[in-house]
Structure formats: structure tokens, C-alpha cells
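Trainee: I would like to go through this entry and ask what stands behind each term.
Mentor: Go ahead; here it is.

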There are 2 protein chains.
Amino acid sequence: MAKQLVEQITNMDKDFAQWYTDVVTKAELIDYSSVRGSMIIRPYGYAIWENIKASLDQEIKDTGHENVYMPLLIPESLLQKEKDHIKGFAPEVAWVTHGGDEKLAERLCIRPTSEVLFAEHYKNIIHSYRDLPKLYNQWSNVVRWEKTTRPFLRTLEFLWQEGHTCHETEDEAQKETLKMLDVYADICERVLAIPVIKGRKTEKEKFAGAKSTYTIESLMHDGKALQSGTSHNFGTGFAETFGIEFLNREGKLQPVHQTSWGFTTRIIGAMIMVHGDDKGLVLPPAIAPTQVQIVPIAQHKEGVLDAAYEIHHSLQTSLRVSIDASDKKPGWKFNESEMKGIPIRLEIGPKDIENGKVVLVRRDTGEKIDVKNHEIETAIERLLQEIQSSLYEKALEHRLTKTSVAVNMDEFKDNLLQVGGFIKAMWCGDQACEDQIKEQTQATSRCIPFEEKGVSDTCVYCGRAAKELVYWAKAY
Amino acid sequence: MAKQLVEQITNMDKDFAQWYTDVVTKAELIDYSSVRGSMIIRPYGYAIWENIKASLDQEIKDTGHENVYMPLLIPESLLQKEKDHIKGFAPEVAWVTHGGDEKLAERLCIRPTSEVLFAEHYKNIIHSYRDLPKLYNQWSNVVRWEKTTRPFLRTLEFLWQEGHTCHETEDEAQKETLKMLDVYADICERVLAIPVIKGRKTEKEKFAGAKSTYTIESLMHDGKALQSGTSHNFGTGFAETFGIEFLNREGKLQPVHQTSWGFTTRIIGAMIMVHGDDKGLVLPPAIAPTQVQIVPIAQHKEGVLDAAYEIHHSLQTSLRVSIDASDKKPGWKFNESEMKGIPIRLEIGPKDIENGKVVLVRRDTGEKIDVKNHEIETAIERLLQEIQSSLYEKALEHRLTKTSVAVNMDEFKDNLLQVGGFIKAMWCGDQACEDQIKEQTQATSRCIPFEEKGVSDTCVYCGRAAKELVYWAKAY
């Protein structure tokens with residue numbers, strides 16, 4: 001039986017898409033329903049989201065932001081106020097036309113994002129520079145009418161947080177935009193062990209209505225990139241449209257400078273595709289719902305279960321630990337624990353008890369470590385830290401291995417075929433070249449990285465003078 | 001200026017509805033938007049909800065439940081499967097008919113509650129008695145198309161948790177239903193200081209599709225009742241309709257027994273109307289976002305601000321404390337702190353510093369207490385507990401004062417007019433009498449209480465033999 005479970009997962013290098021689908025269902029992260037393109041987030045998946053959310057919410061509060069809640073439904077006329085914004089979102093919103101039996105006088109859309117609601121509210125409550133900054137955040141669900149969907153990566157509905165802030169000056173808004181990008185990068189790298197590249201989006205790829213969009217980009221096991229969080233500087237665009245004005249320190253009316261930034265359940269998909277392997281999920285200890293799974297060996301023998309429960313009891317105040325004392329065979333329990341990506345398995349059997357020790361098994365490497373009874377807790381804490389940083393290092397190495405440089409389109413195409421991953425190449429700044437690269441290779445501009453040296457003097461596509469270094473990749 | 005703020009609140013005994021509206025807006029709990037019937041929950045209101053949610057979520061987890069997330073949208077055909085359920089909810093759902101520019105083949109409603117989604121999922125994942133019980137909970141937003149709305153009390157969209165569980169036996173489901181009612185009662189009484197009456201709803205008032213509905217009912221300052229949480233036993237109704245069957249211990253297929261239970265942002269409205277007064281909100285310390293507000297007196301004098309910040313620093317590890325060091329006048333600060341219902345105001349001025357003391361002012365009673373510097377923390381902790389239980393006692397006394405007995409309709413009507421509040425009266429069990437009482441008095445049956453003695457032998461309306469004691473009241 002134990003064998004069967006493993007056989008149910010497709011080999012990741014054979015068919016990565018199928019491997020992904022296998023993992024999200026077999027590890028019981030999600031289930032499908034009769035609602036097209038939506039997913040049920042099951043207890044194990046939701047516990048992961050709760051842990052990510054707790055870490056991010058703490059950072060959002062520590063940086064001075066307050067949580068609020070805005071309505072789910074947006075009147076069509078309100079959504080239409082900002083022209084670029086509506087143009088970007090109109091094709092993908094769900095429209096409510098009836099309440100009960102009654103046809104509505106005006107259609108309402110389900111929020112695809114809440115800029116316009118925040119803008120309307122800010123106009124009401126901001127009057128003077130004394131009311132600034134306003135640093136609001138919202139945890140909510142949003143709907144975007146996607147044609148093709150995949151669990152976590154692209155769903156009709158997803159969960160996220162969206163921050164929306166107002167500032168006195170351009171400089172302050174820009175600092176906020178970058179500060180929150182740093183918060184996202186920290187959550188990805190420190191908590192989720194996902195290395196990211198920080199940078200700016202091109203005009204073509206920026207958010208509808210924003211002055212500039214910043215992004216963190218990560219690389220999946222299959223060499224495709226994934227946008228993992230974005231932060232936007234709106235300048236005074238929305239403020240001018242919505243009339244969000246304040247009396248400044250000189251007593252003059254002026255529009256506020258705004259930002260918004262979002263981080264979604266999509267990141268769970270990234271975490272799966274960065275760390276997972278052919279046995280299933282591999283979870284970073286910082287967010288694993290269970291960090292240590294205790295598996296008693298020969299549990300019918302006297303003293304084994306007692307010893308296992310004693311360890312469980314002693315660990316559970318400082319760690320997220322569980323015990324599998326079911327009547328399944330140990331091999332089956334091992335497989336389940338591996339499928340669910342639990343960082344450490346703790347085995348204890350009659351011989352271990354005799355020798356006053358237990359065995360710790362690392363999910364990421366399979367390494368087995370004998371640990372004396374009195375050292376269990378410190379050994380586990382050290383090991384969890386080691387696993388956390390080791391996952392990060394491995395992912396970083398993977399990304400570096402799959403990052404190449406191209407100075408012309410032959411190299412570009414060749415690298416994409418041979419190496420995959422990120423291609424660093426220069427760009428003249430002309431959207432026509434960006435479009436052509438996408439058309440010929442399916443790779444898109446992921447970001448213009450902060451503080452990286454150029455790799456040549458000319459645009460990889462047209463050969464004219466280069467303006468920017470760009471990371472390109474096929475992406476989710 | 002300080003006076004002005006207080007004058008802006010309507011006297012609660014003059015116009016309670018206007019008082020309520022004044023408080024929710026002036027204490028900055030909510031704001032209105034262009035979305036009819038919806039509200040913006042502002043930072044102070046949302047912080048209250050976060051505290052309530054944290055307490056309830058902990059109890060839900062401690063009783064063995066797991067959080068999940070179901071889709072927002074429900075296909076019409078799925079909602080229609082359970083006939084009583086659709087009949088109850090159809091008039092009040094919002095319908096999505098278009099995705100982007102495309103008309104949908106089937107309408108989707110925004111969840112008014114998620115029974116049918118849970119039922120569909122449970123059918124997929126439950127096969128054997130080994131899969132039971134399934135104890136799931138969801139924190140989410142729901143939409144019900146209400147005609148007339150009021151902040152927190154009745155809004156098109158509200159936030160809540162909905163628990164949905166499946167069990168092997170009738171007995172186990174019934175125990176679960178009552179256990180969660182107890183959890184709600186505990187949150188109301190211990191955390192929110194709102195005394196409740198636990199009981200069963202009549203057939204007329206029960207949830208659409210349920211076998212029986214249990215409720216906790218509380219009484220507002222104006223003598224109207226408010227349903228504060230409900231727990232439903234579905235029996236095997238949904239299970240039979242949706243085919244949620246399992247192989248029982250005898251190897252036979254049988255339907256599961258189900259429950260559901262919900263607790264909403266409505267409770268914030270209850271808390272306002274139970275504890276508030278003519279100065280504004282009065283918050284129970286257990287959920288107050290700020291438990292202690294420090295107000296420096298004559299803060300321009302040397303040492304005052306330093307002393308205030310020192311106290312702030314020493315208290316903030318164990319308490320939710322803030323300091324108002326703005327350049328507003330102390331009287332203005334007092335009023336703001338009172339309007340926001342902060343349980344304790346801590347005043348410190350030059351004379352206090354000289355005498356090595358501070359002054360604590362209770363929000364609920366206005367009592368001023370001198371406390372020596374070395375006793376501040378213990379005095380505050382004791383006082384917060386005292387305020388918490390005192391709010392409960394006061395609310396209980398109010399409810400008892402406003403609870404009367406009626407044995408005939410003359411008494412019933414007279415009591416309703418003279419006393420208001422709850423009327424305890426016997427009922428024959430015939431819905432016609434229940435309907436008539438509502439028509440003649442606007443009072444509805446709130447609940448059939450657990451373990452209370454009857455007050456007479458005959459139905460208060462028809463005079464036939466009485467079956468049940470019922471609490472009646474006009475209600476929100």
C-alpha cells in the first residue's frame with residue numbers, strides 16, 4: 001500500500017504540470033468543486049496560508065499599517081472613474097446584475113482589487129497634512145474572470161492582502177512602495193525560503209493605473225518564473241481623478257501621493273514548485289503546519305507508544321508537532337509524512353528506547369540522525385533552522401544555475417532552449433522589441449533589476465543603444 | 001471644542017437609532033460608501049473584530065475544528081438542490097450573470113451561507129466512519145440582499161465564521177450543535193460581557209433546511225432583543241439530498257449527521273447597544289484595541305511627557321496601551337478617549353509626578369482612582385478585570401429588569417409597552433398563535449429557553465394547554 005501512494009505522483013521531470021496537480025490534491029491542499037476555476041482550500045492548505053498570513057500581517061503592522069475592510073461589490077460607475085484602471089480590469093470582472101428577483105439599476109462588479117473603494121474613502125477622511133500618512137491594509141478575497149485556471153497559480157477567486165496608502169510627498173510614497181517590496185522579499189526569503197529578484201516592471205507589464213510597478217520574481221523548478229508580489233506607486237493619478245486633496249503645510253490644496261501592494265495565495269503555488277520533489281511537498285519549517293511528525297515503530301510493543309507520547313508532550317509547547325499513532329504500517333506513515341512535506345520525521349522504536357535515543361529524518365535530504373533523548377529539543381530546533389536555510393540555498397543555487405546572459409537573439413533563443421530559467425539581456429526601452437521577444441520566444445520581461453550591471457551596450461533584439469538590463473523568462 | 005464633540009452625539013434615550021448611528025461613525029468604527037447597504041469597517045472597528053475573531057478562532061480550534069476556505073460563488077443548480085434551503089435564501093441572493101463581456105451559461109450566486117458547498121465537498125471526501133467526524137470552519141464574507149440596512153446589524157455583506165460538521169450518529173451531532181452554542185455563549189459572556197439566553201428556535205424561526213436551530217439571545221439598551229449566534233442540527237437532510245454517505249462500523253452505507261453554526265460582525269452592533277452610553281462607546285477590556293489611554297496633563301511642563309512615555313513603555317508588554325501626546329487640549333483628549341470607549345484613562349501631570357502617583361479613570365463609571373507609581377500595573381490589571389465583570393453584571397441587571405411574565409395578551413401588550421424587553425409567556429406550539437402575537441405586537445418568539453420553569457398552564461394567546469415557555473421580544 002505504501003508503494004501505491006508514491007506511484008500516484010507523476011515524476012516531476014517527466015510532466016511538471018501533472019506533478020503539480022498530483023501534489024496539490026494528494027497532499028490534500030485543495031479540492032475541486034462544481035464552481036469553475038475556483039478551489040476549495042482544505043485544512044492543510046489553509047493552515048499553510050494562516051501561517052504565511054500571520055508572518056506577513058505582523059510585518060505589515062510592525063511597519064505602522066492598520067487593517068480595514070472594504071465592500072466586496074463595486075458600482076460600475078465607480079470602477080469606471082479611472083480610465084487606465086477600468087481598461088485593465090473590465091475584461092476580467094464578474095458582474096452582479098440581480099439582487100434576489102430584482103434587476104439592479106446599476107451593475108456591481110465583484111472587486112478584482114479595491115483601489116477605487118479606497119480612493120473614495122480616502123477622499124472622505126483626508127483633509128489636512130495632519131491626516132497623513134494613511135497606511136491601510138485589507139485581507140480579503142477577490143475575483144478575476146480568468147479563462148484557464150490552476151490551483152493557487154491562477155484561480156477565479158483568490159485570497160490576498162492589498163495595502164493602500166496616502167502620503168504628503170512623492171518621496172514618501174516612493175519610499176513606502178519600496179519598503180513594502182522589501183517586506184514581501186523578506187517574507188519570501190526568510191519565511192518561505194524562496195530567493196527573489198527585486199526590480200521594476202516595464203511600462204507594458206505595469207499595473208493598470210500605476211505610475212510604476214515593482215515586483216519580486218522567483219524561479220520555479222521547471223525554469224519558469226513566477227511574479228511573487230508587487231508594489232505600485234500611483235503618483236497622484238488616482239488622487240486627481242477622485243479628488244483626494246489635502247491642505248498642505250503651506251495651506252494649499254494638493255492631491256495625495258498613493259501606493260498599493262498585494263501578496264496572494266499564489267505564493268503557495270510558488271512554494272510548492274520551488275521546494276517540492278518526487279515524493280511530494282517539501283515545506284519550509286517556518287510555515288509548516290506540522291514541523292515534526294513522530295512515528296512510533298513497532299508501536300504494539302510495550303512502552304513504545306508511551307515513549308512517543310512523552311516526547312510529543314515535551315515538544316508541543318515550543319514546536320508544531322504531531323504524532324501518527326494510527327494502525328497504518330510505518331512505511332505508509334513515512335510516505336504520508338513525506339507527501340505532506342513535514343520537515344522532520346522523528347522515529348522511535350524498541351531499540352531506540354533501549355539505547356536512550358530517537359532517529360530524526362530530514363524531509364529535504366533524507367538524512368537520518370541519531371539523537372540522544374536529552375538532546376531532542378535542541379537538536380530539532382537546530383535542524384529546523386538548518387533545513388530552512390538549506391532550502392533557501394538550494395533554491396538560490398537552482399536559480400543561479402538557470403540564469404544566463406544573452407547579447408543577441410540567437411543566444412537568447414538558444415539559452416531558453418538549453419538552460420531555461422532567467423535570461424539577462426539588454427533592452428533599448430522600446431515596447432516593440434519587448435513585444436517581438438515575447439512573440440518569438442514566449443519569454444516576457446520579468447523585471448528591470450535594482451543595482452545590477454549591464455551585460456552589453458546594445459538591445460538584444462534591435463541592436464540599438466541599450467537603456468536597461470532586463471530579466472526575461474517564460475512565466476506562470 | 002471638547003464640548004462640541006459630545007454635543008454631536010444624540011442622547012440615547014431620546015433617539016436610540018440616531019445615537020447608534022452617531023456612535024458608529026463618530027467613534028470611527030465605520031464609514032459609508034457608494035455601495036448601497038455595505039459598510040467600510042475602519043481601523044478601530046476592524047481591530048475590535050480582529051480581537052473577537054482571535055478569541056473565537058482559538059476556541060474553535062481548541063474544540064478540534066480546522067479552518068478551510070470554500071468558493072465565494074455558487075452555481076444556481078447547486079444552490080437549488082436542497083428545497084427548503086433555496087426557498088429560504090433565493091429572495092436574498094446576489095446573482096452574477098456575466099464574466100467580463102461574456103454572459104454565463106449558468107447564473108452564480110454570491111454565497112449567502114455555504115451549506116451546499118460543504119455538502120458537495122463532504123460527499124467527495126467522506127467514505128468510511130474512519131473519515132468522521134469532520135469538523136470544519138470557515139472565516140469569510142457573505143452577501144444577503146437586504147432591503148433596509150444598518151451598520152453591523154444588517155448589511156448586504158457581512159463577515160462571519162461558519163462551522164460545518166459531519167458525524168456518525170445523531171447523538172454526536174446534537175452534542176456538537178450544543179457545544180458550539182456554548183462556545184458562542186462563552187464568547188458573548190466572558191469576552192464581550194454580554195449576558196445571553198440560550199434556547200431553541202421555534203419551527204417558524206429556524207434556519208432554512210435545519211432540523212432544529214439553537215440560538216443565544218441578548219437584550220439591548222433600548223429593550224429590543226438581538227439574535228447573537230445560532231447553531232443548527234441538520235439531521236441527515238442535506239446528507240440525503242447530496243448523497244454524503246459512509247460505510248458505518250457494521251459495514252452498511254448510511255448518511256452522515258450534520259451541523260452548522262455561525263457568528264458574525266453583527267455582534268459588534270450588540271456590544272455597542274448593550275454597553276454604550278451618552279458619551280459614546282464603552283468597550284469590554286477583553287476586546288478593546290486600546291485598554292489604557294495615557295493622557296499627559298500640562299505636557300509642556302518639564303518631565304511630564306518623559307514620565308508619561310516611561311509608563312507607556314513599562315505597560316506595553318502586558319497591556320494594549322497608547323498615549324495621546326498630541327497638541328490637543330486634555331478635555332478634548334478625554335472626550336475622544338471616552339467616545340472610543342477605552343476602558344481606562346491614565347492621567348499624569350506635574351502634581352501627580354510630585355506625589356509619585358497617577359490617576360486612573362474608569363470609562364464605565366467615571367470613577368477616579370489615585371494609584372502609587374509602583375502599583376500601576378497591578379492596579380490596572382485588577383481594574384480591567386473589575387470593569388469586565390462589572391459591565392457584564394450591569395447588562396445582566398438591565399436584562400432582568402426588562403424581563404417580565406405575561407399569562408394573557410393584555411398583560412403581554414401592557415408589559416411590552418411599560419417594560420419592553422423580554423416577555424416570558426407560555427405557548428401551545430401552534431404557529432397560528434405565534435403569527436398572531438407577531439401581528440398584534442411586533443414581538444417575535446426569540447427562543448424556547450433551556451431549563452426554565454413554565455409560568456402558567458395555558459397558551460398566552462389562545463388559552464389552550466401550553467407546551468413551551470417562550471421568550472418573546474421585539475428584535476433587531
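**Terms and their grounds**

Mentor: In this predicted model, helix α3(A) passes helix α7(A) in a right-handed crossing.

Trainee: How do the axes of α3(A) and α7(A) lie, by distance and by angle?
Mentor: The axes of α3(A), residues 43-62, and α7(A), residues 170-191, come within 11 Å and cross at roughly 145°.

Trainee: Which residues make the contact?
Mentor: From α3(A) come Ser55(A), Leu56(A), Glu59(A) and Ile60(A). The residues of α7(A) include Met180(A), Val183(A), Tyr184(A) and Ile187(A). By class, seven residues of this contact are nonpolar, one is polar and three are charged.

Trainee: Why is the relation of chain B to chain A called a two-fold axis?
Mentor: Chain B superposes on chain A by a rotation of 180° with 0.0 Å of shift along the axis, at RMSD 0.0 Å. That is the relation of a two-fold axis. In chain B, Val96(B) has the C-alpha nearest the axis, 2.1 Å from it.

Trainee: What shows that the same surface serves both copies?
Mentor: Of the contact residues of chain B, 100% recur in chain A. Each chain gives 56 residues to the contact.

Trainee: How much area do the two chains bury?
Mentor: About 4,400 Å² between them, with 56% of it on carbon and sulfur atoms. Pro43(B), Tyr69(B) and Trp145(B) lose the most area in chain B, together 14% of what that side buries.

Trainee: What makes Arg130(B) and Asp327(A) a salt bridge?
Mentor: Their closest N and O atoms are 4.0 Å apart, and the cut-off is within 4 Å, so the pair counts as a salt bridge. The count between chain B and chain A is six salt bridges.

Key. Residues are numbered from 1 along each chain as its sequence is written. Chains are lettered from A and ligands numbered from 1 in the order in which they are written. This is a predicted model: local features need pLDDT of at least 70, side-chain atom pairs count only at pLDDT 80 or more; totals for chains, interfaces and linings use all residues. Side-chain values use heavy atoms; hydrogens and water are left out. Copies are superposed by least squares on the C-alpha atoms of residues with pLDDT of at least 70 in both. Contact means heavy atoms within 4.5 Å. Axes are lines fitted to C-alpha atoms, for helices over the stretch in contact, and angles run from 0 to 180 degrees between N-to-C directions. Helices (H or I, at least four residues) and strands (E, at least two) are DSSP runs, numbered from the N terminus. A crossing is left-handed if the near helix is turned anticlockwise from the far one by less than a right angle, and right-handed if clockwise. Ala, Val, Leu, Ile, Met, Phe, Trp, Tyr, Cys and Pro count as nonpolar, Asp, Glu, Lys and Arg as charged, and the others, Gly among them, as polar. Buried area is the accessible area (1.4 Å probe) that two parts lose on being put together, summed over both. A salt bridge is a side-chain nitrogen of Lys or Arg within 4 Å of a carboxyl oxygen of Asp or Glu.
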